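Here are some friendly notes to read alongside the model. Please keep the structure open as you go through the points.

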Amino acid sequence: MKQKLISVLISGFLLIGCLTGCNNGDVTSSGTEGNSPSSTTTDPSSSEGENSGAETSAPAFDFESKTVTLNSGYEMPIMGLGTYSLSDEECYNSVTALLEAGGRLVDTAHIYGNEAAVGRAIRDSDIPREEIFVITKLYPNQFANAEGAIEEALEKLGIGYIDMMLLHHPGDNDVEAYKVMEQAVEEGKIHSIGLSNWYVEELTEFLPQVTITPALVQNEIHPYYQENDVIPFIQEKGIVVQGWYPFGGRGHTAELLGDEVISAIAEDHNVTSAQVILLWNLQKGVVVIPGSSNPDHIRENLDLFGFELTDEEMERINALNRGEKHDWY
Ligand SMILES: NC(=O)c1ccc[n+]([C@@H]2O[C@H](COP(=O)([O-])OP(=O)(O)OC[C@H]3O[C@@H](n4cnc5c(N)ncnc54)[C@H](OP(=O)(O)O)[C@@H]3O)[C@@H](O)[C@H]2O)c1
């Protein structure tokens, strides 16, 4: 696995002309039919009915295309932009900066209040819809009327379909809400579905109750809170892991980005601490969605393929784990 990772990393390095994304937005067709599931994988429904916890394997990252193929059959970029706490204007500008820099993955949520701004930035770009991957989330207070909430998200985003919808947190009626998302997959309104803030215990209870295996679980992951027990548990089920708060979240970024170990590794590679943290995630098979309202940071956070962390450097960062959660969920 490690060798495979390294070999794909090396091939990634050869793609010098593709450092900030595989397409610079110069394609102007505006397909709205959506990206199809990969032809190398089976129909999305192939992931149905296998939720007894059966072990498969972690979906491998393709460092050349900078994507991972989800168990739903769809391809998702492995790094993108988080939009938590961004105002409408900041969000519109950040998504625009991301798309211009070649980034194609955006994470939003009903509770962030900026789905409409995400959709507007996407519609205003000349990038074909099917090249962009948008994740949004249903908040627990929407679970009782998930059908209406999905329609609301579709309307606010205004980009045809939703690439990925997650349940934001466990809560009352979560199984029922997930089943409504399964129905929306059947209807083509949503391509892939998943969970956020589900850990080992919650997943063990939840998975046997649903039909479509989640394609993704999004949880808090950073060098001070590494979830080393949870990540393999999820990946072994063929589910992709995505981390939130890669820099520790606002209020903690200075400490994490200024960490002595991370700063020393960054200096050795002539990169930034932010880039080291993001690549550490990718080399662990964790998709990254750093939040930013700064176009320079957004470009920097996409530029992760000119260096590689050695096993020893990965171990030094792994040793920083303090089990220190920076938010309650
Ligand atoms: N599912 C969940 O429950 C959940 C919870 C929290 C977050 N999330 C998702 O995860 C995403 C990431 O979390 P987050 O945005 O809250 O926190 P974060 O990514 O850990 O940190 C964001 C902070 O890092 C700074 N930053 C970004 N790039 C930088 C760089 N290259 N150098 C220096 N500073 C940099 C940003 O400042 P600038 O604006 O100045 O760049 C911002 O203050 C969210 O946006 C959201 O999409 C999900």
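This is a predicted model: local features need pLDDT of at least 70, side-chain atom pairs count only at pLDDT 80 or more; totals for chains, interfaces and linings use all residues.

1. The shell around the ligand has 10 nonpolar, 15 polar and 3 charged residues. Here Ala, Val, Leu, Ile, Met, Phe, Trp, Tyr, Cys and Pro count as nonpolar, Asp, Glu, Lys and Arg as charged, and the others, Gly among them, as polar. In total, 28 residues surround the ligand, and the closest are Gly82, Trp244, Ala274, Gly291 and Ser292.

2. Residues are numbered from 1 along each chain as its sequence is written.

3. Which helix gives the largest share of the shell around the ligand? That is helix 11, with 3 residues. Helix 8 (253–257) and helix 11 (295–302) each supply at least two. Helices (H or I, at least four residues) and strands (E, at least two) are DSSP runs, numbered from the N terminus.

4. Now to the sheet, which is open and has 8 strands in the order 4-5-6-7-8-9-10-11, with parallel pairing; two strands pair if DSSP finds at least two bridges between them. Strand 4 (81–82) and strand 11 (286–288) are at the edges with a single partner strand each, so one side of each has no neighbour in the sheet.

5. Strand 5 (residues 105–107) runs parallel to strand 6 (residues 133–138), joined by 3 bridges. Val106 has Val134 of strand 6 as its bridge partner. Helix 4 (residues 146–157) packs on the sheet, touching strand 6 and strand 7 (162–167). In this note, contact means C-beta atoms, placed from the backbone, within 7 Å.

6. Two residues deserve a look at their backbone. Most residues other than glycine have a negative phi. Lys66, which is not a glycine, has a positive phi of about 60°, and lies in the loop between strand 1 (61–62) and strand 2 (67–69). Is Lys66 buried or exposed? Lys66 counts as buried because it has 26 C-beta neighbours inside 10 Å; the cut-offs are 20 or more other C-beta atoms within 10 Å for buried, 12 or fewer for exposed, and partly exposed in between, with C-beta atoms placed from the backbone.

7. Glu227 also has a positive phi, near 50°. Glu227 sits in the loop between strand 9 (216–220) and helix 7 (230–235), and counts as buried with 22 C-beta neighbours inside 10 Å.

Note on methods. Two residues are in contact if their C-beta atoms, placed from the backbone, lie within 7 Å. Axes are lines fitted to C-alpha atoms, for helices over the stretch in contact, and angles run from 0 to 180 degrees between N-to-C directions. A residue is near a molecule or strand if its C-beta atom, placed from the backbone, lies within 6 Å of it.
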